[in-house]
Amino acid sequence: MSNFPACPTCQSEYTYEDGDNYVCPDCAHEWPRQAAEAAGESVRVYKDAAGNILQDGDTVTVIKDLKPKGSGGVIKQGTKVKNIRLVDSDHDIDCKIDGFGAMSLKSEFVRKV
Ligand SMILES: [Zn+2]
């Protein structure tokens, strides 16, 4: 019924425009229209270091040693990361890594298994 993007929070399709924002009537989420349009809204393709397309639930390995901020540890090259979740941000992979807990990684530093 409209060309508005689905709500990024609850996936409702009943979103509408309100000034410079999109608004979701189901969960009251509001987000800026321009940012959504600039980001390409749901057409983003996530690729690993080798250009393979990544999807939620994929297993990847880390291709270089990473030092997560504040942890003091190092995620070693070759560390396997299961069940990744893709998110629309600079660090575009949410995941859990044994010994580190919840982490955010960049897709350019992983390779799909
Ligand atoms: Zn919503």
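Four donors count as tetrahedral if all angles between them lie between 85 and 135 degrees. The legends below apply this and related criteria to a predicted model.

**Figure 1. Tetrahedral site of the zinc ion in the predicted model.** The protein donors are the SG atoms of Cys7, Cys10, Cys24 and Cys27, lying 2.3 Å from the zinc ion. Along the sequence, the donor residues of the zinc ion follow the spacing C-x2-C-x13-C-x2-C. Cysteine 10 belongs to the segment before S1, whereas cysteine 24 belongs to the loop between S2 and strand S3 (30–32), so this pair ties together parts that are 14 residues apart in sequence. With a relative accessible area of 1%, cysteine 24 is buried; cysteine 10, at 34% relative accessibility, is partly exposed.

**Figure 2. Aromatic cluster of Phe4, Tyr22 and Trp31.** The structure contains 2 aromatic pairs. In one of them, the ring centres of phenylalanine 4 and tyrosine 22 are 5.7 Å apart and the ring planes stand at 50°, so the pair is tilted. This pair links distant parts of the chain, as phenylalanine 4 lies in the segment before S1 and tyrosine 22 in strand S2, 18 residues apart. Phenylalanine 4 is partly exposed at a relative accessible area of 28%, while tyrosine 22 is buried at 6%. The rings of tyrosine 22 and tryptophan 31 also form a tilted pair, because their planes stand at 45°, with centres 5.6 Å apart. Tryptophan 31 is buried, with 8% relative accessibility.

Figure 3. Not counting residues up to four places away in sequence, aspartate 20 touches Trp31, Pro32, Arg33 and Gln34. The C-alpha atoms of aspartate 20 and arginine 33 are 5.6 Å apart in space, although 13 residues separate the two in sequence.

**Figure 4. Open sheet of 3 strands in the order S6-S7-S8.** The pairing in this sheet is antiparallel. Strand S6 (85–86) and S8 are the edge strands, each with a single partner strand, so one side of each has no neighbour in the sheet. Between S6 and S7, which run antiparallel, there are 2 bridges. Leucine 86 has isoleucine 93, in S7, as its bridge partner.

**Figure 5. Largest nonpolar core, comprising 15 residues.** The members that touch the most other members are Leu54, Val81, Ile84, Ile93, Cys95 and Leu105. Two or more residues of this core come from each of strand S4 (60–62), strand S7 (93–97) and strand S8 (101–105). The most are given by S7, which supplies 3 residues.

**Figure 6. Contacts of isoleucine 93.** Residues up to four places away in sequence are not counted in this view. Among the residues that isoleucine 93 touches are Leu54, Ile84, Arg85, Leu86 and Val87. Its contacts also include Met103, Ser104, Leu105, Lys106, Ser107 and Val110. Of these residues, Leu86 is the bridge partner of isoleucine 93, and Leu54, Ile84 and Leu105 are listed with Ile93 among the core members that touch the most other members.

Note on methods
Residues are numbered from 1 along each chain as its sequence is written. This is a predicted model: local features need pLDDT of at least 70, side-chain atom pairs count only at pLDDT 80 or more; totals for chains, interfaces and linings use all residues. Side-chain values use heavy atoms; hydrogens and water are left out. Contact means heavy atoms within 4.5 Å. Donors are N, O and S atoms within 2.8 Å of the metal (3.2 Å for Na, K and Ca); water is not among the atoms, so sites may look incomplete. Four donors count as tetrahedral if all angles lie between 85 and 135 degrees; four count as square planar and six as octahedral if opposite donors are over 155 degrees apart and all others between 65 and 115; anything else is irregular. Helices (H or I, at least four residues) and strands (E, at least two) are DSSP runs, numbered from the N terminus. Buried means under 20% relative accessible area, exposed over 50%, partly exposed in between (1.4 Å probe, protein chains only). A nonpolar core is a set of buried Ala, Val, Leu, Ile, Met, Phe, Trp, Tyr and Cys residues joined through side-chain atoms within 4.5 Å. Two strands pair if DSSP finds at least two bridges between them. Rings of Phe, Tyr and Trp (its six-membered ring) pair if their centres lie within 6.5 Å; planes under 30 degrees apart count as stacked, over 60 as edge-to-face and the rest as tilted.
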